[in-house]
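Please consult the sequence and the structure shown here while reading.

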Amino acid sequence: MEKKTTLSSLMTKEEARCLREFFYELNLRPAKHLLRNEIVLQFSQFLDQRNSGKTDPDNFPTLKDFFSKTQEVLLLKEDVVLLHRIQAAQYHFYRIHNMEDRVDELTPEEFLDYREIVADRAYIPPEKKLLIDFQPFYSTGPEIPEPKKIGSGHRYLNSYMAGKLQDDPKNWQVFLCEFLKIHSMNNDQILVDGEIIDGPKALMEALQKAIASLELLDEKAPIGEARATLSSLGIREGFGDTVERTLTHLQLLSKLFESPSADYLDEFLSAIPLISRIAVISPHGWFGQDHVLGRPDTGGQVVYILDQVKALEAFLKNSLASAGISVLPKIIVVTRLIPENEGTTSNQRLEKINGTDNCWILRVPFKDEDQNVVPHWLSRFQVWPFLEQFALDTKSELLAEFGGKPDMIIGNYSDGNLVASLLAPWFQVIQCNIAHALEKPKYLFSALYWQDMERDYNFSLQFTADLIAMNKADVIISSTAQEIAGTKTSMGQYESYCLFSMPELYKVTDGVNLLHPKFNVVSPGVDESIYFPYTDTARRLKNQTKKLNQRLFFKKGDDIFGELDDPDKTPIFTMARLDKIKNLTGLVESFGQSKELQDRTNLIVVTHTIREERVTGEEELSELKKMYQLIEEYGLRNKIRWVENSSRQDGAESYRVIADRRGVFVQPALFEAFGLTVLEGMASGLPVFATQFGGPQEIIEDDKNGYLINPTQPELISQPILDFLLRCEQAPSCWETLGGQAIVRVKERFTWDLYSEKLIKAAKLYGFWNYAVLGDEKKEVDRYCNLLFHMVFKSRAQKLLGD
């Protein structure tokens with residue numbers, strides 16, 4: 001339903017006149033669909049031309065603020081349509097008439113229809129379009145009170161649950177009592193014996209007796225001395241391994257019943273052992289521990305999961321032991337078995353994860369519609385038809401390997417999250433999603449022009465899978481807040497799913513609720529056993545350091561390109577996959593165009609391969625050829641070393657070798673969801689220059705422990721590096737100061753210990769919330785998602801398989 005207003009009510013008359021003149025100018029140009037950065041730039045140029053370059057920057061404050069929040073402009077024959085973003089996931093849609101003062105406020109559906117018209121998509125009457133709207137399912141539940149707190153769902157939900165306990169103590173005491181009676185480990189009941197304790201009153205009486213008996217004992221004594229007494233009262237294992245710890249937790253439970261608070265609930269749920277078995281789902285790529293990094297679709301996600309699993313096991317071992325539970329936790333990473341393994345371990349069904357006691361890689365094959373195993377590798381964009389059967393087979397395999405069901409399931413990327421969304425309801429356990437990188441915001445207008453990209457990317461399947469998995473998930477883990485909700489001027493990755501349309505397929509007006517407490521920022525860390533400061537010489541292997549020094553600067557070979565004229569120059573180091581988004585060619589071009597940088601530095605580039613015969617994807621091949629072209633174009637053969645990466649351990653020592661030479665690390669990606677290499681470089685003590693687009697904004701405090709750069713223009717990459725090097729020439733301590741502050745930043749904010757604690761705490765709280773509150777509400781969301789899966793996703797996936 002359109003609402004009518006006037007331009008004059010939104011801004012001054014002079015600004016309204018200026019705005020109409022600007023839109024008139026825009027309509028004379030060929031582009032009819034503009035995004036924020038382009039709008040702001042063109043408006044600035046328009047003002048300069050309109051006032052002969054004499055424009056006072058304060059002339060149009062309201063108009064400039066208006067455009068800073070305008071994400072899209074659609075230029076029609078007689079009207080201009082705007083998407084005005086007030087804040088994260090809150091929009092106004094305006095239709096401004098070119099020749100009148102009238103402004104119509106549009107509905108989200110109307111805006112999406114106009115967007116399709118401007119994109120010259122086939123017109124379909126609104127009544128015939130499938131409309132997807134998840135808003136009704138979130139209308140009664142808790143929401144984060146303000147957008148700036150998006151990503152702190154655990155903290156808010158904890159307070160919300162404590163408030164519920166206070167508002168309705170009798171019912172909530174029943175829920176809490178029943179919740180404590182349903183848990184077991186290795187088929188042995190823990191916490192509360194339901195055969196002895198039948199309700200809250202009996203539990204409170206048992207707590208009082210247990211506390212009184214424990215207060216008579218030596219607090220340092222092992223809890224085994226009181227086990228018989230506690231068991232007779234219905235208090236089972238799980239409250240502590242010593243008398244002191246058990247007494248503390250029983251007293252805490254008693255306080256939670258008598259006077260519930262957010263602090264009591266958080267502390268109690270953190271203490272009790274609810275999780276010992278975790279399934280981690282990551283189907284695509286060449287998931288393994290050796291000789292896989294740098295292969296197509298195989299990079300940071302593999303490193304992330306292997307580090308995550310090791311940290312989670314260590315955390316669970318300690319927490320279970322502290323709770324008095326003699327159970328070894330087990331974590332299984334489920335990925336795809338690939339018979340044509342190309343020298344990797346991807347054809348092995350079961351592989352133990354190095355450095356762990358009970359963590360495994362379990363490989364399950366993809367099967368076609370005739371149940372034949374698919375033998376060869378598949379791109380992440382081609383896996384969709386095989387995922388439902390993969391999930392069914394994974395269910396059986398996990399039950400066999402665990403000897404029962406897991407306690408939680410962690411999905412990774414779009415395919416793993418979809419499989420997790422199928423498995424979690426089957427097992428009735430917590431589902432946690434980790435996107436790593438959402439494809440939709442990476443490709444401009446990928447939903448609007450999905451038909452043009454479908455052959456290569458199958459976005460109709462991926463974006464549908466994302467909607468399903470996001471809304472079925474209990475917990476969504478993000479590395480940064482802006483990954484969820486963006487910044488003041490730009491949309492977040494998850495936010496891009498709030499409102500979009502895929503012409504001739506469906507349109508989405510409320511795809512995900514960013515204010516839902518399921519969203520939690522839990523930043524990963526670095527493996528401190530591998531990535532440590534260059535100054536920690538006792539931990540470094542002298543032979544490895546010597547070998548890498550030769551490899552990075554002197555040695556010749558088929559896997560090395562370039563011969564340095566002066567190896568003693570300051571090294572600029574980068575390491576990434578050869579993807580367009582990683583923008584390594586942009587860094588090479590920047591280096592090639594800067595004579596001053598070439599006079600002072602050498603460029604050291606490490607990638608998976610430098611040889612065409614080892615390339616496995618078209619994008620990688622294109623970037624590889626472009627690298628060689630740029631090196632020749634700028635005459636860089638004697639100023640660059642381009643080296644193939646040999647192992648993760650060598651990669652870690654490479655940072656330190658560069659630091660020995662007082663070099664810098666550059667991460668020039670056009671967009672980076674998080675930035676693990678940024679953390680690795682900082683943890684090693686290197687000054688780091690990283691893209692300002694994406695996660696590094698929340699890792700680096702600009703000009704304090706690193707630098708944020710704009711990688712879109714060569715000079716915007718080279719100049720900050722050159723400025724820093726010039727400062728270091730004047731004051732050599734600048735280098736040590738920045739590197740030292742980088743190390744401190746990582747240790748204080750980005751460790752896997754902190755990550756594990758936050759993730760497990762969140763899983764426990766959401767498990768309690770699901771049990772006590774959601775019930776039918778979650779079933780309704782699941783049913784809606786199941787309709788999308790069977791009516792939209794499966795039909796298109798089967799068509800892809802047929803093609």
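In which sense do strand β1 and strand β6 pair, and over how many bridges? Strand β1 (residues 3-6) and strand β6 (residues 102-106) are paired in the antiparallel sense, over 4 bridges. The model is predicted: local features need pLDDT of at least 70 and side-chain atom pairs count only at pLDDT 80 or more, while totals for chains, interfaces and linings use all residues. Residues are numbered from 1 along each chain as its sequence is written, and side-chain values use heavy atoms, with hydrogens and water left out.

Helices (H or I, at least four residues) and strands (E, at least two) are DSSP runs numbered from the N terminus; two strands pair if DSSP finds at least two bridges between them.

In β6, Y94 has E105 as its bridge partner, and F93 has L106.

The 6 strands form an open sheet, with antiparallel pairing, in the order β1-β6-β5-β4-β3-β2. Its edge strands, β1 and β2 (33-35), each pair on one side only. From one strand to the next, the twist averages 25°.

Two helices pack on the sheet, as tabulated below. Contact means heavy atoms within 4.5 Å; axes are lines fitted to C-alpha atoms, for helices over the stretch in contact, and angles run from 0 to 180 degrees between N-to-C directions.

| Helix | Strands touched | Angle with β3 direction |
|---|---|---|
| α4 (residues 61-68) | β3 (70-75), β4 (79-87), β5 | about 90° |
| α5 (residues 108-118) | β2, β3, β4, β5, β6 | about 55° |
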